[in-house]
Amino acid sequence: MSTLRELAEEHTDLNPGDIDHLTRLAGDWQLLSDLSFADLLLWVPVRPVEGQHARSFLCIAQVRPTTAPTAYQDDQVGKISGGPEVAHLDIAYVQGRIWREGDPVWYGDTPARHEAIPVRLRGADENIEVIAIIGRDTNLSTARTPSQLELNYLTTADDLAQMVNDGTFPPPRRHQGETTSAPRVGDGLIRLDAGGKVTYASPNAQSAYRRLGFNAHLVGEELSVLSKRLAADPLEGTDAAERILTSLRGESPARKEVEARGATVLMRALPLMPAGVPIGALVLVRDVTDVRRRDRALMTKDATIREIHHRVKNNLQTVAALLRLQARRVNIPEARMALQESVRRVASIALVHETLSMSSDSDEAVEFDGIVDRVATAASEVAATEISVKMRREGTFGVLPAEIATSLVMVLNELLINAVEHGFPPRDEETESVAEPSTAEVVVSAHRFRKQLHVTVADNGQGLPDGFESDAKGRLGLQIVQALATGELRGTIELRNRAGGGTEAVLVVPLGKR
């Protein structure tokens, strides 16, 4: 199914600014749908073709109400209609007014009432031409005498519909950092008059303020003063009150959370300005106490996990330091080299825990590129070789789960050390005749393909010796590589000579669920 933007660009003459406005409208119009107890269809005039005289309309978006049964069982997006079926849309488009007259129509066994609301975009030059039409279609099969709640919903819906026609709804921009979980009509609705006093509060809105400590009825209260008084933090209360007053002045402030008596209520204030006249504000509220309590529990858990990683990293660094001290006291070269290799292995694992301790990601995942770069730098600095070896990374590893990262960093550490030490060994009588490359280089490349991570460590050194066997006894580093690659990582590893000279190790690691 094509998106709103794709449909508009393909079938209409709307400019990017018009399409952006319609996209914002589609992001906010669930509110209008719920208040109207009606389906909303967004219709745009189709680009005319040669020889066509009657205007056709394309449906580019649809929303169903959560407060009433839908009038449409089938999806209407992508449908092109013309003729008598869309006569009401054409009248609203040409005359630029909300169309409400007409008899009910039938969609199968469902009776429905048609309305058409022009959509305008107020430009910098005050040009407010109609760019689209909202079809507001109400299912009449459950029609009954409306309650006070429903009457207030419908009155507010008509005010917002007029603002759509005026080009003042939705707000011109969203506030940065806001989540998509904004309060909905069913969460709690409060209507204010021009003076900021409550003229109506839904039962859920009344309950939300009762959680904050206000047990009386909200009607007649000045909401900004009340919210300021209830807030546990005076600064937060002042901010909440100012946002309510801002909406009364015709602006759309960012959402705000108010905390009091252990409860948290999220509020969103919207100005009501039909025909450009400020008549009050609409305040949507939602009790998010349990959500914030879970958020705080997760934050505490994440902080604890990061502290554990930090302590593991410190302990590993202590172990590495002890091994390093022991290596300095050993006089046997083979034993000293074994201890130094152990230091590097422990340090590489510590790098993963250090990264996890600084990560704010609750999914126990790390950005692996930085770890690889640090391990590669360390390998080039500590390897026993007489020439300078350049380390380079191609591609990106991306974000990896900790369970993969810990084993993978050990594998790469061993492969990089082997590439430097065995690809470019110290010069002696046996290797004197081997030609040295003009630039000694080790390249680590990585890419993802079909839920697998493909990693290659390649050098332009002297290549593998004749009769080389990667699983031969006595090669502890390669035994570690084989064990981790095929065991913990559940992948494959292959060491081979490169066609142009040198050696490459090819590692394939599955990235699916473990």
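Residues are numbered from 1 along each chain as its sequence is written. Because the model is predicted, local features need pLDDT of at least 70 and side-chain atom pairs count only at pLDDT 80 or more, while totals for chains, interfaces and linings use all residues; side-chain values use heavy atoms, with hydrogens and water left out.

**The five-stranded sheet**

Helices (H or I, at least four residues) and strands (E, at least two) are DSSP runs numbered from the N terminus. Two strands pair if DSSP finds at least two bridges between them. Five strands make up an open sheet of mixed pairing, in the order S13-S15-S16-S18-S17. Its edge strands, S13 (390–395) and S17 (492–497), each pair on one side only. Within the sheet, S15 (residues 441–449) and S16 (residues 452–459) run antiparallel and are joined by eight bridges. Arg-448 stands opposite Leu-453 in S16.

Axes are lines fitted to C-alpha atoms, for helices over the stretch in contact, and angles run from 0 to 180 degrees between N-to-C directions.

| Helix | Strands it lies across | Angle |
|---|---|---|
| H12 (residues 402–423) | S13, S15, S16, S17 and S18 (503–510) | about 20° to S16 |
| H13 (residues 476–488) | S17 and S18 | about 140° to S17 |

Phe-424 sits in the loop between H12 and S15. Buried means under 20% relative accessible area, exposed over 50%, and partly exposed in between (1.4 Å probe, protein chains only). Phe-424 counts as buried because its relative accessibility is 4%.

**The helix pair**

The axes of H7 (residues 223–230) and H8 (residues 234–248) come within 7 Å and cross at roughly 165°. The two helices are therefore roughly antiparallel; angles under 35 degrees count as roughly parallel, over 145 as roughly antiparallel, 65 to 115 as roughly perpendicular and the rest as oblique. Leu-223, Ser-224, Ser-227 and Lys-228 in H7 meet Gly-237, Thr-238, Ala-241, Ile-244 and Leu-245 in H8.

**Strand S7 and its partners**

Strand S7 (residues 189–192) is covered on both faces: Leu-189 and Arg-191 on one side, and Ile-190 and Leu-192 on the other, are all buried. S7 runs antiparallel to S11 (residues 280–287), with four bridges between them; Arg-191 has Leu-282 as its bridge partner there. S7 also pairs with S8 (residues 198–201) in the antiparallel sense, over three bridges, and Leu-192 is the bridge partner of Val-198. S7 and S8 form a hairpin with five residues between them, and Gly-196 in the turn has a positive phi of about 90°.

Technical notes:
Contact = heavy atoms within 4.5 Å.
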